[in-house]
Amino acid sequence: DANSVEAGPARQLGPQPPAFVSMIAGFLAGMAVDIPLHPLDTVKTRMQAPEGFAAAGGFRSPWNGVSAVVVVSVPGSAIFFVV
């Protein structure tokens, strides 16, 4: 039949890397995303503040709070890559 689609054999992806390698990859991926985007997210949050952008801090100190983001998010990314 011309409308039937047959699935081919399953494709082998190769051996899974060790958990330590996956954890390091997740750690680096979390840092690569969270650190550069933190100032943009801070400015966006301040723009949405009810009191207004300038009263919420404006463009002052966009890196404030990056350590808290790194402490929480980066280990989560590392664990996500292992699981």
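Predicted model: local features only at pLDDT ≥ 70, side-chain atom pairs only at ≥ 80, totals over all residues.
**Exercise 1. Describe the span of helix α2 and state what its buried residues pack against.**

Step 1. Helix α2 runs over residues 66–82, which is 17 residues, and reaches 24 Å from its first C-alpha to its last, close to the 24 Å expected at 1.5 Å a residue. The expected span is 1.5 Å times one less than the number of residues.

Step 2. The buried residues in α2 are Val-66, Val-74, Ser-77 and Ala-78, and the buried residues of this helix pack against α1 (19–47).

Step 3. A residue of α1 that can be followed across to the other helix is Met-23, which touches Ala-78 and Val-82 when residues up to four places away in sequence are not counted. Met-23 has a relative accessible area of 38% and is therefore partly exposed. Met-23 and Pro-75 are 52 residues apart in sequence, yet their C-alpha atoms are 8.7 Å apart in space.

Step 4. Phe-20 is exposed, with a relative accessible area of 60%.

**Exercise 2. Find how many salt bridges the structure holds, and work out what surrounds Asp-34.**

Step 1. There is one salt bridge in the structure, a salt bridge being a side-chain nitrogen of Lys or Arg within 4 Å of a carboxyl oxygen of Asp or Glu. Asp-41 forms a salt bridge with Lys-44, with the closest N and O atoms 3.5 Å apart.

Step 2. Asp-41 and Lys-44 are three residues apart in helix α1, so about one helical turn separates them. Asp-41 counts as partly exposed at 40% relative accessibility, and Lys-44 is likewise partly exposed, with a relative accessible area of 40%.

Step 3. Asp-34, also placed in helix α1, is buried yet has no salt bridge, and the nearest side chain of opposite charge, that of Lys-44, is 12 Å away. Here Lys and Arg count as positive and Asp and Glu as negative, while His and the chain ends are not counted.

Step 4. The side chain of Asp-34 does make a polar contact with the side chain of Ser-73, at 2.4 Å. A polar contact is a pair of N or O atoms within 3.5 Å; within protein, one must be able to donate a hydrogen and the other to accept it, and residues adjacent in sequence count only if both atoms are side-chain atoms. Leaving out residues up to four places away in sequence, Asp-34 touches Val-69, Ser-73 and Val-74.

**Exercise 3. Identify the aromatic pairs and classify their geometry.**

Step 1. Searching the whole structure gives two aromatic pairs, where rings of Phe, Tyr and Trp (its six-membered ring) pair if their centres lie within 6.5 Å, and planes under 30 degrees apart count as stacked, over 60 as edge-to-face and the rest as tilted.

Step 2. The ring centres of Phe-53 and Phe-59 are 4.9 Å apart and their planes stand at 75°, so this pair is edge-to-face. Phe-80 and Phe-81 form an edge-to-face pair, with 6.4 Å from centre to centre and 65° between the planes.

Step 3. Phe-53 counts as partly exposed at 25% relative accessibility, whereas Phe-59 is exposed at 64%. Phe-80 is exposed, with a relative accessible area of 65%, and Phe-81 is partly exposed, with 41%.

Technical notes:
Residues numbered from 1 in each chain as written. Heavy atoms only, no water. Helix = DSSP H or I, 4+ residues; strand = E, 2+ residues; numbered from the N terminus. Buried < 20%, exposed > 50% of the residue type's maximum accessible area, 1.4 Å probe, protein only. Contact = heavy atoms within 4.5 Å.
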